[in-house]
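Me: Hi! Could you walk me through this structure? I'll ask as I go.

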Amino acid sequence: MRALWALLLGSVCGAQTLDLRAPAVIEQGAAAFAKSCAVGYCHGSEGRSARGPELRGRRYEPKALFGMIHDGLPGTSMPAWKGILPNEEIWAITGYIASLGSAPVAESQTVVDLSQAASEPARRLSAEARRGRELFFDLNRQKRCGLCHALEGRGRAVGPNLAATLEGRSAAEIRRAIDDPHASIAFGYAETELVTADGETIVGVRTEEPTDVVRIYDFGALPPPLRSFAPEQVRRVRRLERSPMPGGWTAVYSEDEIAAIVAYLDAEN
Amino acid sequence: MGAEGSQYTVGRMLRTLLLLLLIGAMAAPGQEVNAERLARAEAEPHNWLTYYGTYKAWRYSELSQIHAGNVGELTAAWAFESGFPDGGLQATPLVVDGVMVISTASNHIFALDAATGRRLWRYDYAAVQESPATYGNWNRGVAIAYGLVYMGTLDNHLVAVDLETGREVWNVEIENSKQCGCDITGAPLVVKDMVVTGVTGGDSAHRGYLNAFDAKTGRHRWRFWTIPGPGEPGHESWKGESWKYGGGSTWITGTYDPELDLLYWGVGNPAADFYGGGREGDNLYTESIIALDPDDGKLAWHYQEIPYDVWDYDSAYEIVLLDTEIGGKPRKILVNPNKSGYVWVLDRTNGEFLGAWNLVENSNWVERIGENGELIGRNEPPLGEPTFLCPAIGGGRSWNHGAYSPKTGWFYSTGLEWCQTVTVKQEEPQPGMAFFGGEFQMAHPRGGKAFSHLSAYDPVTGKRHWQYKHEYPLLASQLATAGGLLFAGDATGRFFALDAETGKELWEFRTGSGHRGSAITYSVNGRQYVATPSGWGSALAGLTTQLWPEAADFPTGSSLFVFALPEAGR
């Protein structure tokens with residue numbers, strides 16, 4: 001796939017353009033469509049309607065079509081594909097769907113300039129850092145970093161954004177923060193203790209959003225549920241000078257694996 | 001394949017019975033729904049407390065004010081419009097002591113006065129835009145207990161909101177939905193002091209599971225992986241790394257036997273759906289009924305209906321619990337209609353295979369099922385060659401549920417006579433992305449036109465007592481009542497009542513949009529109501545246009561229609 005893109009993109013030296021009518025582009029678009037759009041119950045094989053609308057036999061304006069695929073249609077089942085598929089592939093799908101239309105795309109709209117809306121180039125991570133990323137978000141582990149930390153749109157932002165809080169830290173410092181979560185506490189993420197009117201004690205992370213209820217991530221179990229209390233349901237709230245981050249990571253990950261995670265976080269900031 | 005020995009003990013059964021007797025004696029309507037009220041839901045026919053009505057999953061009510069003799073007088077009492085028609089309305093409403101709660105597509109919940117339809121509160125889940133693409137935006141229902149309403153979400157969270165106010169009480173993310181390519185569309189099930197939820201993801205490169213949470217706090221209790229990990233029994237039924245991406249979703253609500261203290265759940269297809277290369281083996285526990293100890297989520301027994309599925313059938317549908325006699329001996333059985341059209345009958349104490357029978361005539365994926373449950377004459381589509389297969393991916397039946405009436409002793413179910421051409425394509429898994437391994441094109445059966453039917457069957461033998469034919473797929477659940485009635489709805493928006501004994505149509509009402517949800521019945525202040533969601537939509541509703549082009553004009557919707565007999569004196 002990548003090699004083909006290189007060929008197609010290279011056709012016009014310097015400016016990255018794509019001809020939506022080029023058979024190779026339509027072919028690639030068809031393959032991407034079959035995998036991402038026709039599947040299951042959405043637009044059906046070759047756009048012959050399933051749950052989503054029938055795509056054959058319509059008139060298309062490529063830029064608008066690209067926008068619909070890229071950004072989705074809010075309020076409907078049509079998702080945004082940005083961040084899931086590279087823009088080049090979305091353009092190829094655009095070319096393919098346009099080829100199913102009732103009329104050819106206007107001559108003036110067949111060549112698109114990719115350089116204006118290029119996908120972010122994939123960051124180059126070392127093999128170890130890539131493995132660390134996998135482990136950080138590994139869904140097969142019920143305890144994992146990604147349960148409370150989000151990076152690159154994965155994981156869950158219960159705890160701080162590590163790309164920011166670890167900025168400038170050495171690999172050794174990152175390792176220390178994993179081994180001893182209390183060594184330094186990210187601003188706004190000190191552990192909160194909440195005692196309910198019923199006498200239940202909850203420790204975790206209190207969310208700061210302005211709301212008429214008190215919300216706290218309950219670290220009594222992982223993944224932490226976000227629990228909400230009306231003011232009259234709360235007896236006492238106090239901030240503790242320690243981190244809510246659990247320890248014991250050497251029981252979850254091997255030494256090698258922790259080293260890979262450190263390499264990932266080191267690369268991430 | 002085959003059942004493992006039962007691990008449930010007599011001691012555990014006695015312990016549970018004692019608990020039920022002690023606390024059950026105190027349970028009375030008016031207090032909040034708890035484990036005891038749920039276990040005895042049939043004692044409260046004025047309510048519809050849990051997804052299938054009761055844990056037996058009969059979708060049957062003892063209410064008989066509306067009966068075969070007066071159903072012709074049934075009239076609209078009130079209607080409700082959610083305002084969210086995209087995706088249709090697939091839910092089962094619940095009713096607790098005069099309050100109805102219904103969820104809609106895109107995770108909105110409404111609480112209504114069940115007698116008048118007046119809105120009490122509305123809850124809008126915030127994050128619907130984050131849902132993964134594959135499984136649609138619909139929601140099939142909520143669970144209620146301990147003063148809370150539970151709903152799974154399109155970004156794979158489970159939320160609990162206050163039954164009185166609609167205020168969110170807890171919200172837990174099970175897994176990042178973009179990472180797993182999964183979400184929750186099925187209704188949760190409350191068991192004891194826990195709420196259990198399944199997940200979609202059977203058509204994604206994802207490893208399925210079932211999770212239980214503390215009903216009051218949202219704290220995680222246990223997870224059962226539907227695909228065993230390294231070192232666990234059954235892991236050897238997966239080749240290489242395929243276990244990490246093998247699907248095994250739990251998308252339709254399971255059920256619970258309080259007496260045996262076993263939680264039953266059906267597991268969906270393995271991924272990739274059509275391409276089995278790379279996962280050669282039985283692929284446990286996909287296409288299986290699993291029985292778990294609800295206290296710790298440990299497997300008591302399993303029975304695999306379809307080892308190594310390459311057709312995208314599912315064992316995920318309802319599990320109907322019956323106590324009956326087979327060969328002169330009393331048996332505790334379960335009846336599970338599979339998406340393949342076959343209905344499996346198992347001993348629910350230990351998973352022993354008792355038989356399988358077919359809902360549909362158009363069936364060529366296997367020649368037959370042997371007397372020990374073995375699949376004979378498997379018709380596996382080869383790589384790259386378009387293969388004609390029946391039933392279609394939509395199933396010999398869809399997920400919408402059948403009904404069982406103890407009055408007739410019959411199981412009522414729809415059957416879909418449609419086929420498809422499948423072309424298998426080799427595909428490598430990409431974590432969290434769609435993982436189908438092929439394409440399909442809907443097709444009419446050889447020598448005829450696709451159609452559907454609603455029939456009455458002996459639940460053990462499959463002997464058919466009557467059949468009601470329909471030109472379009474019947475995709476709504478059935479409701480059976482002690483009034484000798486069977487309610488159902490069709491794609492054109494007709495909601496109708498049949499005589500449960502004969503299948504004769506007795507009454508109809510046009511609601512304006514097709515039926516894809518599950519009707520219920522309940523009563524308030526002595527007046528019986530029948531409520532049906534109306535709102536064509538869903539994956540199969542879309543697929544129908546490949547065979548019935550006119551279905552493109554069937555409007556979507558998201559309404560609820562409620563019927564009752566005219567009040568005396570008015």
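Me: Thanks! To start, where is B:Asn107 found in chain B?

Reply: B:Asn107 is found in the loop between β4 (99–104) and β5 (108–113) of chain B. Strands here are DSSP runs of E with at least two residues, helices are runs of H or I with at least four residues, and both are numbered from the N terminus. Before we go on: this is a predicted model, where local features need pLDDT of at least 70 and side-chain atom pairs count only at pLDDT 80 or more, while totals for chains, interfaces and linings use all residues. Residues are numbered from 1 along each chain as its sequence is written, chains are lettered from A and ligands numbered from 1 in the order in which they are written, and side-chain values use heavy atoms, with hydrogens and water left out.

Me: Good to know. What is phi for B:Asn107?

Reply: Phi of B:Asn107 is near 60 degrees, which is positive in a residue other than glycine. Most residues other than glycine have a negative phi, and most peptide bonds are trans.

Me: And is B:Asn107 buried or exposed?

Reply: B:Asn107 is buried, with a relative accessible area of 0%. Buried means under 20% relative accessible area, exposed means over 50%, and partly exposed is in between (1.4 Å probe, protein chains only).

Me: What about A:Glu152, where is that one?

Reply: A:Glu152 sits in the loop between β3 (150–151) and β4 (154–155) of chain A. Phi of A:Glu152 is also positive, near 55 degrees, but A:Glu152 counts as partly exposed, at 39% relative accessibility.

Me: Which peptide bonds are cis?

Reply: The bond from A:Leu222 to A:Pro223 is cis, with omega near -5 degrees. A:Pro223 lies in the loop between β7 (214–218) and β8 (226–229) of chain A. A cis bond also joins B:Ala271 and B:Ala272, with omega about 0 degrees. B:Ala272 is in the loop between β16 (262–266) and β17 (288–293) of chain B.

Me: What does B:Ser204 touch?

Reply: Among the residues that B:Ser204 touches are B:Ala271, B:Tyr135, B:Cys180 and B:Phe435. Touching means heavy atoms within 4.5 Å, and residues up to four places away in sequence are not counted. B:Ser204 is buried, with a relative accessible area of 0%, and lies in the loop between β12 (194–197) and β13 (209–214) of chain B.

Me: Switching topic: how many residues of each chain are in contact across the interface?

Reply: 49 residues of chain B are in contact with 48 residues of chain A. The two chains bury about 3,900 Å² between them, 50% of it on carbon and sulfur atoms. That area is the accessible area (1.4 Å probe) that two parts lose on being put together, summed over both.

Me: How many salt bridges are there between the chains?

Reply: The count between chain B and chain A is 4 salt bridges. A salt bridge is a side-chain nitrogen of Lys or Arg within 4 Å of a carboxyl oxygen of Asp or Glu. B:Glu173 forms one with A:Arg156, with the closest N and O atoms 3.9 Å apart.

Me: Which element gives the most to chain B's side?

Reply: That is β10(B), which gives 6 residues to the side of chain B that touches chain A.

Me: Which partners does A:Arg227 have in salt bridges?

Reply: A:Arg227 meets A:Glu200 in a salt bridge (3.0 Å, N to O). A:Arg227 is in strand β8 of chain A and A:Glu200 in the loop between β5 (192–196) and β6 (201–206), so the pair ties together parts that are 27 residues apart in sequence. A:Asp218 also meets A:Arg227 in a salt bridge (2.9 Å, N to O). A:Arg227 is buried at 5% relative accessible area and A:Asp218 at 0%, whereas A:Glu200 is partly exposed at 25%.

Me: Last one: which residues of helix α3 in chain A are buried?

Reply: In α3 (residues 62–71) of chain A they are A:Pro62, A:Leu65, A:Phe66, A:Ile69 and A:His70. Seen down the axis of α3(A), they fall within an arc of 130 degrees, so they line one face of the helix. The arc is that of the directions from the helix axis to the C-beta atoms. What covers them includes α4 (87–99) of chain A.
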